[in-house]
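Here's a quick briefing on the charged contacts in this model, plus a few notes on a helix and a surface patch. Have the structure open while you read.

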Amino acid sequence: MMKDRTHDISLIDYHVKDVETLGKVLNNAAATAFPRYGSSRYCDVYVLLLSWEDDDLGVVREIDDLEAVFRDVYGYRVGRWKIP
């Protein structure tokens, strides 16, 4: 005896059939959501990186890397604050 299906498959014919079509659908959706491709809708972006003053997990190197990405890749202004 076959188990009842766990998912509704009544709309299976509406699913994307291949990766190329999926890519086109996703690109169109992204272009609609973000019409200014390559530019930001914001004039300035600021990032505040918070960390504990007592860095018992040793995350300071990860925070350094993250700061570099925000600053160098995205061009954001970055500030840091250590929580006492």
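Predicted model: local features only at pLDDT ≥ 70, side-chain atom pairs only at ≥ 80, totals over all residues.

Residues are numbered from 1 along each chain as its sequence is written, and side-chain values use heavy atoms, with hydrogens and water left out.

**Salt bridges**

- The structure has 6 salt bridges, each one a side-chain nitrogen of Lys or Arg within 4 Å of a carboxyl oxygen of Asp or Glu.
- Arg 77 pairs up with Asp 44, with 3.9 Å between the closest N and O atoms. That pair links distant parts of the chain, 33 residues apart: Arg 77 is in strand S2 (residues 77–83), while Asp 44 sits in the loop between helix H1 (19–33) and strand S1 (46–52).
- Helices (H or I, at least four residues) and strands (E, at least two) are DSSP runs, numbered from the N terminus.
- Both partners count as partly exposed, Arg 77 at 48% relative accessibility and Asp 44 at 44%.

- Glu 67 and Arg 80 meet in a salt bridge at 3.2 Å, N to O. Glu 67 lies in helix H2 (residues 60–73) and Arg 80 in strand S2, so this bridge ties together parts that are 13 residues apart in sequence.
- Buried or exposed: which is Glu 67? Glu 67 counts as buried, at 16% relative accessibility, whereas Arg 80 is partly exposed at 41%.
- Arg 71 bridges to Asp 72, the closest N and O atoms being 2.9 Å apart. Arg 71 is partly exposed at 39%, and Asp 72 is exposed at 54%.
- Shared partners join Asp 64, Glu 67, Arg 71, Asp 72 and Arg 80 into one network of salt bridges.

**Helix H2 and what follows**

- The 14 residues of H2 should span 20 Å at 1.5 Å a residue, and its end C-alpha atoms are 19 Å apart, which agrees. The expected span is 1.5 Å times one less than the number of residues.
- After H2 comes Gly 75, with a positive phi near 75°.

Definitions and conventions. Buried < 20%, exposed > 50% of the residue type's maximum accessible area, 1.4 Å probe, protein only.
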